[in-house]
Amino acid sequence: MDALTLDGNAVAGLLHEVFGTEMTVATGTCGSCGASGQIGAVHVFRSAGVVLRCSWCGNVLAKIVRQEMQACVDLSGLSGLAYVHHTGA
Amino acid sequence: MEGAALLGRLTWQLADVLDVVVENARVKTLALDVPEWPGHKTGQHVDVRLTAEDGYRAERSYSIASAPSGTRIELTVECLEDGEVSPYLSDELRPGDKLELRGPVGGYFVWEPALGGPVLLVGGGSGVVPLMAMIRERAAAGSDVDMRLLYSSRSWDDVIYRDELGRLAGRGLTVAHTLTRSQPDGWNGYARRVDAEMLTDVGPASGDRPHVYVCGPTPLVEAVAATLVELGHEPQRIKTERFGPTGG
């Protein structure tokens, strides 16, 4: 395991910014191996952007690149993403 | 709808630095007042953002070290020599300065007294920070939940919150240290990396179905989580958080 690996917790703020709600307790399903788990537990790699990988098979679940005014989000590695959109305080 | 969307937004705000406390040679705690702070759960983070004069920005995520207490929060920061953010936070910030942050964020690695116990906390190095928030919350709430901390440090001088942990231990809180590189004279605690025997000693047993929180460098987190599963703990009850150099 690469010591540079973080997990979904480390990008909670970025995910909140992109999705408008808390996402580390969202359930993601890997489009490759079918494993389901909470986004807080997936592996995260940071470089120019953020890459989320399945902690079971390593498949790239999502890529997020944020620039000043926009975010580019590729979720093609996920077959599902279930979350509660909290609208209240 | 527009109002609802705004409520869910995560906005940057300016915190006031109230105090800077030296924990050890490489670690400091920043006490902050965040005027619009909505409260937090223990284990949550804040994102800190620094902006250079030329507009360059660096963001890092830090665990909150304190139990919920009005608009005051504490962050404990380990200074990483080649870090972009942590050297500023630990060496430059002074009481009266401002710091830009947003939060709280995260809902996965959290504990609150209502969740109950037993609770097993395993921390390595500055990975103890969110676990300390849980220990402080338990104490502040007067909870008698069975909570056990197994804390791995390189040496006795590297142990963060050493005195406070000593004071809080007892009344259902067990604190076990392991010192992996050097030990003081007369040390009778553990002196090796966390292993199956140590986890079995510290407990609680997997049959007691503890909530487990493991936080530290990636190798420690991976090894401890795998060992706990081998010992029969349910993977869904083991919450992990990895600290990497990008936490700098």
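What percentage of the 89 residues in chain A do buried residues make up? Buried residues account for 35% of them, where buried means that 20 or more other C-beta atoms lie within 10 Å of the residue's own, exposed means 12 or fewer, partly exposed is in between, and C-beta atoms are placed from the backbone. This is a predicted model in which local features need pLDDT of at least 70 and side-chain atom pairs count only at pLDDT 80 or more, while totals for chains, interfaces and linings use all residues. Residues are numbered from 1 along each chain as its sequence is written, and chains are lettered from A and ligands numbered from 1 in the order in which they are written.

Chain A contains 1 helix and 8 strands; helices (H or I, at least four residues) and strands (E, at least two) are DSSP runs, numbered from the N terminus. Along the sequence the pattern is β-α-β-β-β-β-β-β-β. The radius of gyration of chain A is 12 Å, close to the 12 Å that the globule rule gives for 89 residues, so chain A is as compact as a globular protein of that length. That radius is taken over C-alpha atoms, and the globule rule is 2.2 Å times the number of residues to the power 0.38. Along the principal axes, the C-alpha atoms of chain A fill a box of roughly 35 × 25 × 20 Å. Of the contacts in chain A with a separation of 6 or more, 46% are between residues 24 or more positions apart; two residues are in contact if their C-beta atoms, placed from the backbone, lie within 7 Å.

Chain A has an open sheet of 3 strands in the order E3-E2-E8, with antiparallel pairing; two strands pair if DSSP finds at least two bridges between them. Strands E3 (36-38) and E8 (78-82) of chain A are at the edges with a single partner strand each, so one side of each has no neighbour in the sheet. Strand E2 (residues 27-30) of chain A is joined to E8(A) by 4 bridges, and Thr29(A) has Gly80(A) in E8(A) as its bridge partner.

Leu61(A) belongs to strand E6 (residues 60-66) of chain A. Leu61(A) counts as buried because it has 27 C-beta neighbours inside 10 Å. Leaving out residues up to four places away in sequence, Leu61(A) touches residues including Gly28(A), Cys30(A), Gly77(A) and Leu78(A). Ser76(A) is 15 residues from Leu61(A) in sequence and 6.8 Å away in space, C-alpha to C-alpha.

In helix H1 (residues 12-19) of chain A, the buried residues are Ala12(A), Gly13(A), Leu14(A), Leu15(A) and His16(A). They pack against strands E5 (50-53) and E6 of chain A, together with strands E3 (45-51), E4 (57-63) and E6 (98-105) of chain B. Just after H1(A), Gly20(A) has a positive phi of about 80 degrees.

Chain B is assigned domain 1 (2-104) and domain 2 (113-247); the bounds come from an automatic or database domain assignment. The C-alpha centres of domain 1 and domain 2 of chain B lie 24 Å apart, and 15 residues of domain 1 of chain B are in contact with 15 residues of domain 2 of chain B. On the side of domain 1 of chain B that touches domain 2 of chain B, E4(B) gives the most, with 3 residues.

Helix H3 (residues 128-140) of chain B has 11 of its 13 residues buried, so H3(B) is largely enclosed by the rest of the structure. Just after H3(B), Gly142(B) takes a positive phi of about 65 degrees.
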